[in-house]
Structures are given as C-alpha cells and as structure tokens.
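Reader: Please take one part of this model and go through it closely. I want residues, distances and cut-offs.

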Amino acid sequence: DELIAVALKYNPAVMQSSQRLEICLLDLRNAKAGYLPTLGSNVGHSRSTSNNDAHHTDWRMTGRYSGGLGAGITLYDFGKTSIRVKQAIEAVNQAQLDLLATRNRVKYSVRQAFFEVHRCMRLKEVSDASVAQYKEHWEQMIERRDVGVGTAYDCTKAEVDYHKSVLLQLS
C-alpha cells in the first residue's frame, strides 16, 4: 500500500490527469458564470495641444477625463449558456473517469512490478540451491573417480553441469 501511495503521488500520468480534471472544473465554473450578471467600468484621459498663430507663440493645451460604469444581465441567449454548461459537465465526468482509469493502471503496474521482483528473488534462491547441488554432485563424482568407482566421463559431465548452472545463475 505504501508503494502504491508513493506511485500515485509522484506518477506523471496521475498528475496530468488530476490537472486535466482541475482544468475541466474551472471550465465548468466559467461556463456557469454566463448565468451571472456582469459589471464593467472604464476610465479614460485625453490631452490635446493647439497652436493659434503662425509663429507658434500662442498655444493652448486642453485635457479631458472620462469614466463610466455599466451593468448587464443576459435574459435569453437561445440556449448557448446551458449547452456550454452541459458540455463542461460532460468534460468533468470524462476527466474523472480518466483519472480513475489512470490511477487503476498505476496501481496495477506497481502490483505487477512488486510480484515480478518477488518472483526474481525466489528464482535467485532456487538458482543458488541448484548451483550448490551441482557443486556437491561434482565433488561426489571426483571422490568416486579417485576411489575407482566412477569414470572420468562422469566427473567431466558433473563439472559441465555445475558450470552450466553457474552461467544460468548469472543470467
């Protein structure tokens, strides 16, 4: 469970799906904002200079300030806002399902990796035992040859089996 928690916290695909869900939730919020009234304001300033004679000795500068406030509400927009809200809700639902599927894939991958590591550890134990058995068999064949009961072929075959098991252990 700890491995799964770490994977879900730091996996880029889960983070990306979570961010996509957040974006869809913000889009839904923006779509619902179409039902709200709007307020607006503006401020302006203009300045002008004019020359009154040909030698530019008499001039005049004027300035003007302006400002305004406005409010509005949409009474009827022929269903555009409601359609945008429905689309945003569907996008949120899709993003939630996508996040769930991504989280499930990550959980499965972590579990699969855990059992693969466990399998490799068990295979290493079996391989170690196999090498020990072949080494013991080889030593027995050497003793049998030295006593005169075994043949050189049996000893060579046991040696080949032992080295083959060492190579298999390395792979």
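Author: Buried means under 20% relative accessible area, exposed over 50%, and partly exposed in between, with a 1.4 Å probe and protein chains only. The model is predicted, so local features need pLDDT of at least 70 and side-chain atom pairs 80 or more, while totals for chains, interfaces and linings use all residues. Numbering starts from 1 along each chain as its sequence is written, and side-chain values use heavy atoms, without hydrogens or water.

Take α2. Helices are DSSP runs (H or I, at least four residues), numbered from the N terminus. α2 has 21 residues. From first C-alpha to last, α2 reaches 30 Å, close to the expected 30 Å (1.5 Å times one less than the number of residues). At its start, a side-chain oxygen of Asn 11 comes within 2.8 Å of the backbone nitrogen of Ala 13.

Now its two sides. Val 14, Ser 17, Leu 21, Cys 24, Leu 28 and Ala 31 of α2 are buried. They cover an arc of only 100 degrees around the axis, so they sit on the same side of α2. The arc is taken from the directions from axis to C-beta atoms. On the other side of α2, Pro 12, Gln 16, Gln 19, Arg 29 and Asn 30 are exposed.

What does the buried side meet? The buried residues of α2 pack against α1 and α3. Take Val 14: beyond its neighbours within four places in sequence, Val 14 is in contact (heavy atoms within 4.5 Å) with Leu 8, Leu 99, Thr 102, Arg 103 and Val 106.

The largest one has 15 residues. Leu 8, Val 14, Leu 21, Leu 28, Val 92, Val 106 and Val 110 have the most contacts inside it. α1 (2-10), α2 (12-32) and α3 (80-147) each give two or more residues to this core. α3 gives the most, with 7 residues. Apart from this core lies another, of 6 residues, among them Val 131, Trp 138, Met 141 and Tyr 162.

Follow the aromatic side chains next. At 45% relative accessibility, Phe 114 is partly exposed. Phe 115, at 53%, is exposed. Trp 138 and Tyr 162 form a stacked aromatic pair (ring centres within 6.5 Å, planes under 30 degrees apart), with centres 5.4 Å apart and planes at 25 degrees. Trp 138 lies in α3 and Tyr 162 in α4 (residues 152-170), so the pair ties together parts 24 residues apart in sequence. Trp 138 is buried at 18%, and Tyr 162 is buried at 15%.

How values were computed:
A nonpolar core is a set of buried Ala, Val, Leu, Ile, Met, Phe, Trp, Tyr and Cys residues joined through side-chain atoms within 4.5 Å. A polar contact is a pair of N or O atoms within 3.5 Å; within protein, one must be able to donate a hydrogen and the other to accept it, and residues adjacent in sequence count only if both atoms are side-chain atoms. Rings of Phe, Tyr and Trp (its six-membered ring) pair if their centres lie within 6.5 Å; planes under 30 degrees apart count as stacked, over 60 as edge-to-face and the rest as tilted.
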